[in-house]
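Good morning, everyone. Please look at the model on the screen while I talk.

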Amino acid sequence: MQYPPINGEKEVVMILKGKVFKFGDDISTDLIAPGRYFHLRSNLPEMAKHVLEDADPSFAVKVQKGDFVVGGDNFGCGSSREHAPTIIKLAGVSAVLAKSFARIFYRNAINVGMPVLICETDKISQGDEIEVNLEKGEIRDLTNGITLSFAPLPKAMINILNDGGLVGHIQKHGDFKID
Amino acid sequence: MGKTLAEKIIGKHAGKEVNAGEIVLASVDVCLMQDGTSPLAIRQLQKINLEKAANPRRTVLFLDHAAPSPRKELSNDHITIRKFAEKTGCQVSDIGMGVCHQIIFESYLNPGEILIGADSHTCTGGAMAAFSTGMGSSDVAIGIALGKTWFRIPETFKIEVTGEFQPGVYSKDLILYLIGLIGADGATYKALEFTGDTIEQMSISSRMTLSNMAVEAGAKAGLIASDKLTKDYLKKQGRVSRFRELKGDEDAIYEKVIKIDASRLVPQVSFPHTVDNTKLINEAKGIKIDQVFLGSCTNGRVEDFGVACEIIKGRKKNPKTRFIVVPASKAVFLEAMAKGYIRQLVDFGAAILAPGCGPCVGVHEGILGDGENCITTQNRNFKGRMGNPEGFIYLASPATAAAAAIAGEIIDPREFLSRKKIKGKKVRVSRKRK
């Protein structure tokens, strides 16, 4: 599996390393991108300053480039707003890990070129330092020494992700090239 | 081997026989976007110089979430949308026309078609036996430009509902019950197919409520077979020629069958802050209510207003409770007016707002204050949903919502219905109004 450049870097990054911001189950797109910032939807860098504000008001201030958002079940449930994964990415997050994702959020994340990894997240804690090897499908928690694996994406999604998202994919091929 | 509704419809659009689990490219018939998702979609198309629509007459851009616009930033987004429509020939449904899902149903969607929409409640169209699903801006943008998209054919859960609802119990109670039963992610990625005699006898409007909330269980679609009622509906809408009968095969492979006896259901209330936090009406009684919202793509139709009016008839609104009513569309507004519902609601003390999403998305028209409780007929009660993370949202049927506007607290709506049946007797109305 190959993944696209993260956060504007030119090279494909295969190993991601950063700190964990841990969240619970059912993190909705209303918590990620609250409706009261609806008017910032055409000003995404500004909206990104409020990312996940209603789940953790200090998140947007504390998150550093390369960090991870780690959730429980049903991450990204709710609205179809693509702004949700987009502003998580804009905030510098390199990947979202969760036990399960809501389907629209999952598809949107791939479409905007952000890795979303399905794995067991109970043993990962707030503040842990983790390393994700996208090629091997492996997550190492450097704080507690545990190694976890994550399920590979469907091939159609890998193709889209490798092109930097859906718009990049269509630009490159002129059409869907998913098989 | 038989096919599910999802397999039948997507297969036809992929030009081959398909089975759950396969990934296919399929043509799309109708596309929708709304004012919260269109600007990003338009910018995505502009980025790759693909500002066009494969089927502009059936691509509709709705101004409904922030309509009329409460802020200049959103007014500018509306300009972007109107300009795009002008350039591509796409349709614009401007302010005052109503919620996207209602209008798509009234005027565009037909059985057997595929609808993709940049709004999660696009699944409402499932009640038309059309494969309707919500996606993000990029997906719908590309779908609009190329006239196709990719799908993984979902496995299907058959939701078999039998029996007659008790008075005071409605399709909203059924869907809240189901979501409480299987959980907010109980059907993630699956299609739901609602079947059984309860569904067969259910009005199109009530069916739409079920399909609308399929996504609240994580489902990709909430499908219902088309039948005589669908045909009658299309006839009323002036496009009966587009009717075709469509249903899932008896011998199709369903991943799960969930059976529900509708006659045993009581009114349900979903507590903050998740839709699956469903409780029975008894457990909700006495919760103080500051605001009631009757409307949305879930329950903002004529039938819903009729139910609410039956509850409020001859009664007074609690002076401490606000009541906001938003018709789902212009057609709903006009019909509700003709039936006298609007007059009755205004007389009761409701604030009637322009057809659209109203306060549901937290952008305008009824944002909650800190610590306030709202009972609403909408589909979501997530923290912050109605514009304030310090607000508390309870989901219920139009009857339960209307009853709360009278009592100023959550109350079993059947108390009002049964009293109504006891002719000439005024029973205990004052007791509830402390």
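Start with strand S14 of chain B, which is covered on both faces. On one side sit Gln291(B), Phe293(B) and Gly295(B), all buried. Look at how the numbers skip along each side. In a regular strand, side chains alternate between the two faces of the sheet. Now take the strand as a whole. S14(B) covers residues 291-295, and five of its five residues are buried. A word of caution: this is a predicted model.

Next, the neighbours. Which sense does the pairing of S14(B) and S15(B) have, parallel or antiparallel? It is parallel, and it runs over five bridges. Strand S15 of chain B spans residues 322-326. For a landmark, find Gln291(B): it stands opposite Arg322(B) in S15(B).

S14(B) also has strand S17 of chain B, residues 373-376, as a partner. These two run parallel too, joined by three bridges. Here the landmark is Val292(B), which stands opposite Ile375(B) in S17(B).

Now zoom out to the domains. Chain B is divided into domain 1, residues 5-262, and domain 2, residues 268-420. How many Å separate their centres, taken over C-alpha atoms? The answer is 24 Å. The contact between them takes 35 residues from domain 1 of chain B and 35 residues from domain 2 of chain B.

Stay on the domain 1 side of that contact. Three helices of chain B each give two or more residues there: H4 (100-107), H6 (171-182) and H8 (204-212). Which one gives the most? That is H6(B), with six residues. By class, this side of domain 1 of chain B has 15 nonpolar, 15 polar and five charged residues.

Last stop: the two chains. Here 39 residues of chain A are in contact with 44 residues of chain B. On the chain A side, helices H1 (29-32), H5 (103-111) and H7 (166-173) each supply at least two residues. H5(A) gives the most, with five residues. And the classes? The side of chain A that touches chain B divides into 14 nonpolar, 14 polar and eleven charged residues.

Methods:
Residues numbered from 1 in each chain as written. Chains lettered and ligands numbered in written order. Predicted model: local features only at pLDDT ≥ 70, side-chain atom pairs only at ≥ 80, totals over all residues. Contact = placed C-beta atoms within 7 Å. Helix = DSSP H or I, 4+ residues; strand = E, 2+ residues; numbered from the N terminus. Nonpolar A, V, L, I, M, F, W, Y, C, P; charged D, E, K, R; others polar. Domains from an automatic or database assignment. Buried ≥ 20, exposed ≤ 12 C-beta atoms within 10 Å, placed from the backbone. Pairing = 2+ DSSP bridges.
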